[in-house]
Amino acid sequence: MSFINYSSREISCKIVYYGPGLCGKTTNLQHIYKKISPDSKGKMISLATETERTLFFDFLPLALGSVKGFKVRFHLYTVPGQIFYDASRKLILRGVDGVIFVADSQVERMEANLESVDNLVKNLKEHDFNLEDLPYVIQYNKRDLGNVVPLKEMEEALNPRKVPYFEAVAPKGEGVFETLKDVAKMVIMELKKKS
Amino acid sequence: MLNPGLVLYEEDSKLIDKELQKLNQLSRSKVSFLVDKDGQLISCVGETNGIDTTSLASLTAGNIAATGGMAKLLGEKEFSILFHEGEKDNIHISLVGQRAILVVIFDERSSLGLIRLRVKRSVSALTEVFDRVTKKMDKINSEEDGDSPLTEITEDDIENLFS
Ligand SMILES: Nc1nc2c(ncn2[C@@H]2O[C@H](COP(=O)(O)OP(=O)(O)OP(=O)(O)O)[C@@H](O)[C@H]2O)c(=O)[nH]1
Ligand SMILES: [Mg+2]
């Protein structure tokens, strides 16, 4: 969960990228890492397999600047999307403040997207969270590919709550910061509501 | 939401720093730090130059979470102490109550026995501090407090952080 430290005057929040295997979660973080200036970011840590699939998590700490005298930090995490890493996914959700669901727009991945949303809901429940209560946005990634599901259909299948959504091509950076910014705003506004 | 974020005020923060400093000195360690179970660094003392404490904090929390998962599978409540031995440096990790993790990095200037002894004492001191912090947070949550830095933050402020 968020951490407000009055002594060092810092606010930290945890944002998790969730979604099926190969949907582009790690690619989102890599793009953010590439674009953020060195003094605003820490090291990006990827606990990955030899074939660059996420094994436990990716971690990227951002310290973008101060607001009202408080340094605001966002700690970005990705989960491993492959189905058999469910135990790890559960652990990463501990203390989450906001979730970005990255959906793979390819027709043949729709089933995997739906399974992953169900899995997200289930794993949040284990931490006594409801997805409905959490800052949550959806990113429709891989829009550059030929076999993508029309946006309207994706919305109907994956976004019954009508949360904010973004189309993206993560390797090119399209939609990446838009998605992050939106959930970051929601997270801080939610904190504000609670304080 | 059931799990409110951690809020740390100056006085408690100072107590934590002081306890860590004492621990670091008496145990002859290189670095001692305290991490929230969610992976955020709470305090850090010692020879921190050249050490990426933010990454260490996140990996420590991951490590504790993973061994906690293993414990559950075995029907254990948790493993409250972890120890990693390296060629030069060693890491000793222990739980502080429900919320925090104490990490001590030491080399041949100290010994596992000394670390164990000093860590045990600090854990009970830090647990007391955390109990107080938790009580304070409960009180604030039920009281509606006005001096949070967040009350004046706007969406535009966050937007500007990214530009
Ligand atoms: N064409 C295209 N390829 C993409 C896009 N986003 C990601 N990829 C590619 O998809 C592959 C998998 O991306 P990752 O970011 O590693 O996927 P992941 O979601 O982290 O996968 P796991 O770690 O297994 O959960 C990589 O080869 C990326 O380059 C996209 O928008 N368009
Ligand atoms: Mg990945």
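**Exercise 1. Helix α3 of chain A**

In chain A, α3(A) is followed by Asp128(A), whose phi is positive, near 65 degrees. The model is predicted.

Solution. 
- Step 1: Recall the geometry of a helix. An α-helix has 3.6 residues a turn, so residues three or four places apart point the same way.

**Exercise 2. The magnesium ion**

Task: state which residues coordinate the magnesium ion (ligand 2), then decide whether Thr26(A) is buried or exposed.

Solution. 
- Step 1: Read off the donors. Thr26(A) and Thr54(A) each use OG1 to coordinate the ion, at 2.0 Å.
- Step 2: Thr26(A) sits in helix α1 (residues 25–35) of chain A and Thr54(A) in strand β4 (residues 54–67) of chain A, so the pair ties together parts 28 residues apart in sequence.
- Step 3: Apply the cut-off. Buried means under 20% relative accessible area. Thr26(A), at 17% relative accessibility, is therefore buried. Thr54(A) is at 10%, so this residue is buried too.

**Exercise 3. Strand β5 of chain A**

Task: find which strands pair with β5(A), and in what sense.

Solution. 
- Step 1: Check the cover. Strand β5 (residues 70–78) of chain A is mostly covered, with eight of its nine residues buried.
- Step 2: Take the parallel partner. β2(A) pairs with β5(A) in the parallel sense over eight bridges. Here Tyr17(A) has Thr78(A) in β5(A) as its bridge partner.
- Step 3: Take the antiparallel partner. β4(A) pairs with β5(A) over nine bridges. Ala63(A) stands opposite Arg73(A) in β5(A).
- Step 4: Look at the turn. The hairpin of β4(A) and β5(A) has two residues between the strands, and Lys68(A) takes a positive phi near 50 degrees there.
- Step 5: Follow Arg73(A) to another side chain. A polar contact of 3.1 Å joins it to Glu10(A). Glu10(A) is placed in strand β2 of chain A. Leaving out residues up to four places away in sequence, Glu10(A) also touches others, including Phe3(A), Ile4(A) and Phe70(A).

**Exercise 4. Positive phi in loops**

Task: locate Glu52(A) and Lys162(A), and say whether each is buried or exposed.

Solution. 
- Step 1: Take Glu52(A). Its phi is near 65 degrees, a positive value in a residue other than glycine. Glu52(A) lies in the loop between β3 (45–48) and β4 of chain A. With a relative accessible area of 67%, Glu52(A) is exposed.
- Step 2: Take Lys162(A). Its phi is positive as well, near 55 degrees. The loop between α4 and β8 (165–167) of chain A holds Lys162(A). At 56% relative accessibility, Lys162(A) is exposed.

**Exercise 5. The sheet of chain B**

Task: give the strand order of the open sheet in chain B and name the strands at its edges.

Solution. 
- Step 1: Survey the chain. Chain B has four helices and six strands. From the N terminus, its elements run β-α-β-β-α-β-β-β-α-α.
- Step 2: Five strands form the open sheet as β3-β2-β6-β5-β4 (chain B), with antiparallel pairing.
- Step 3: Find the edges. β3 (41–46) and β4 (81–85) of chain B each have a single partner strand, so one side of each is left without a neighbour in the sheet.
- Step 4: Zoom in on one pair. Six bridges join β2 (residues 31–36) and β6 (residues 100–106) of chain B. Val35(B) stands opposite Ile101(B) in β6(B).

Technical notes
Residues are numbered from 1 along each chain as its sequence is written. Chains are lettered from A and ligands numbered from 1 in the order in which they are written. This is a predicted model: local features need pLDDT of at least 70, side-chain atom pairs count only at pLDDT 80 or more; totals for chains, interfaces and linings use all residues. Side-chain values use heavy atoms; hydrogens and water are left out. Donors are N, O and S atoms within 2.8 Å of the metal (3.2 Å for Na, K and Ca); water is not among the atoms, so sites may look incomplete. Buried means under 20% relative accessible area, exposed over 50%, partly exposed in between (1.4 Å probe, protein chains only). A polar contact is a pair of N or O atoms within 3.5 Å; within protein, one must be able to donate a hydrogen and the other to accept it, and residues adjacent in sequence count only if both atoms are side-chain atoms. Contact means heavy atoms within 4.5 Å. Two strands pair if DSSP finds at least two bridges between them.
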